[in-house]
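Here is a walk through one structure, helix by helix and then out to the loops. Keep the model open and follow along.

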Amino acid sequence: MRNPHGFPIWYELLTPDPDAARGFYEAVIGWSVGAPMSSALDYRLLDTGQGQVGGMMRLAPEMEAGGARPGWLFYVGVDDVDATVARIQTLGGSVHVPPQTMEGVGRFSLVADPQGIPFYVMRGEMDEASHAWQANGPGKCGWNELTTPDQAGALAFYAEVFGWAYPDRMPMGAMGDYVFVEAGGETIGAIMQRPADAPPPAWQFYFRAADIDAAAAAVVASGGIVHMGPMDVPGDERIIVASDPHGALFGVVAGARAAA
């Protein structure tokens, strides 16, 4: 029952203040954020009430000195971490954290695509499937969106590494096509060309909340910024793009409200 190669299996926030981040995301998304897993590692699990979606890790000063910044990353499940990392390097990607094994968790590596956009690859120790990505699951990630300076290059890279397919696309005028990503037979997100005035290239993740207007209000009330929305998107959904009080960018998605 393990997830197919190339399927997203975990989401992770790097933050300098996990206590503040806990209050923020509990208010905005509705997660229950656990206590630190140990005194040595301030890592907290994000529970949706219907399973875990990811974790948050304290961004230590030495990590910041190495270039790490507050933000969200995801883990993509693979059949063989070492072989995948080697393939990534062959295709022009890079390795930030070489493959390593965490006892009881699995083997993973922090890598980047040829455009320098980071993500993790991982082979979990257990064969149980992850449900961190679930299109309509409350609190789960419902969409993975890559904004890149080289859309054609990114499409080729991720197809080679993960076997992703691109069954459909949506024209967006001068911005080009919004290309949908299929992994394991499911549409999990899209890849788009980064507009000149957009935030830096990155993977962005949309987490599902019950009400988009309430989520937007909670972002502002909790010290974050709503950069876009609430707005309607195809599929009878509404979204916002926001950042938390430490600057980590993320999205929220919710079903559109029924007309009165």
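In what kind of crossing, left-handed or right-handed, does helix 1 pass helix 5? The crossing is right-handed. Bear in mind that this is a predicted model.

Start with that pair. Helix 5 covers residues 212–221. Helix 1 covers residues 18–28. The two pack at an angle of about 160 degrees, and their axes lie 8 Å apart. An angle over 145 degrees counts as roughly antiparallel, so helix 1 is roughly antiparallel to helix 5. On the helix 1 side, the meeting residues are Phe24, Ala27 and Val28. Helix 5 answers with Ala215, Ala218 and Val219.

Stay with helix 1 and look at proline 18, which sits in this helix. Its relative accessible area is 0%, and buried means under 20%, so proline 18 is buried. Setting aside residues up to four places away in sequence, proline 18 touches Asp42, Arg44, Met56 and Arg58. Now compare its position with that of serine 32.

Next comes tyrosine 25. Its contacts, leaving aside neighbours within four places in sequence, include Leu13, Gly30, Trp31, Met56 and Trp72. Asp244, Ala248 and Phe250 are also in contact with tyrosine 25.

The largest nonpolar core has 55 residues. Which of them touch the most other members? They are Tyr11, Tyr25, Trp72, Phe119 and Tyr158. Helix 4 gives the most to this core, with 6 residues. Another core lies apart from it and has 12 residues, among them Ile9, Met57, Leu73 and Tyr120.

Turn to helix 4 itself. It runs over residues 151–162, 12 residues in all. From first C-alpha to last it reaches 16 Å, close to the 16 Å expected at 1.5 Å a residue. Its buried residues are Gln151, Ala154, Leu155, Phe157, Tyr158, Val161 and Phe162. Just after helix 4 comes glycine 163, with a positive phi of about 75 degrees.

Helix 4 also packs against helix 3, which spans residues 81–90. The angle is about 155 degrees, and the axes are 10 Å apart. That angle makes helix 3 roughly antiparallel to helix 4. Their crossing is right-handed. Helix 3 makes the contact through Thr84, Arg87 and Ile88. Helix 4 uses Phe157, Glu160, Val161 and Phe162. Of these, Phe157, Val161 and Phe162 are among the buried residues of helix 4.

The peptide bond from glycine 229 to proline 230 is cis, with omega near 5 degrees.

Continue to the loop between strand 14 and strand 15, where aspartate 236 is placed. Aspartate 236 has a positive phi of about 60 degrees, although it is not a glycine. Is this residue buried or exposed? Its relative accessible area is 58%, and exposed means over 50%, so aspartate 236 is exposed.

Finish at another loop, the one between strand 2 (32–33) and strand 3 (43–47), where methionine 37 lies. Methionine 37 counts as exposed because its relative accessibility is 54%. Leaving aside neighbours within four places in sequence, methionine 37 is in contact with Tyr43 and Leu45.

Notes:
Residues numbered from 1 in each chain as written. Predicted model: local features only at pLDDT ≥ 70, side-chain atom pairs only at ≥ 80, totals over all residues. Heavy atoms only, no water. Helix = DSSP H or I, 4+ residues; strand = E, 2+ residues; numbered from the N terminus. Buried < 20%, exposed > 50% of the residue type's maximum accessible area, 1.4 Å probe, protein only. Contact = heavy atoms within 4.5 Å. Expected span 1.5 Å × (residues − 1). Core = buried A, V, L, I, M, F, W, Y, C linked by side-chain atoms within 4.5 Å. Axes fitted to C-alpha atoms, helices over the stretch in contact; angles between N-to-C directions. Parallel < 35°, antiparallel > 145°, perpendicular 65-115°, else oblique. Left-handed = near helix turned anticlockwise from the far one by under 90°.
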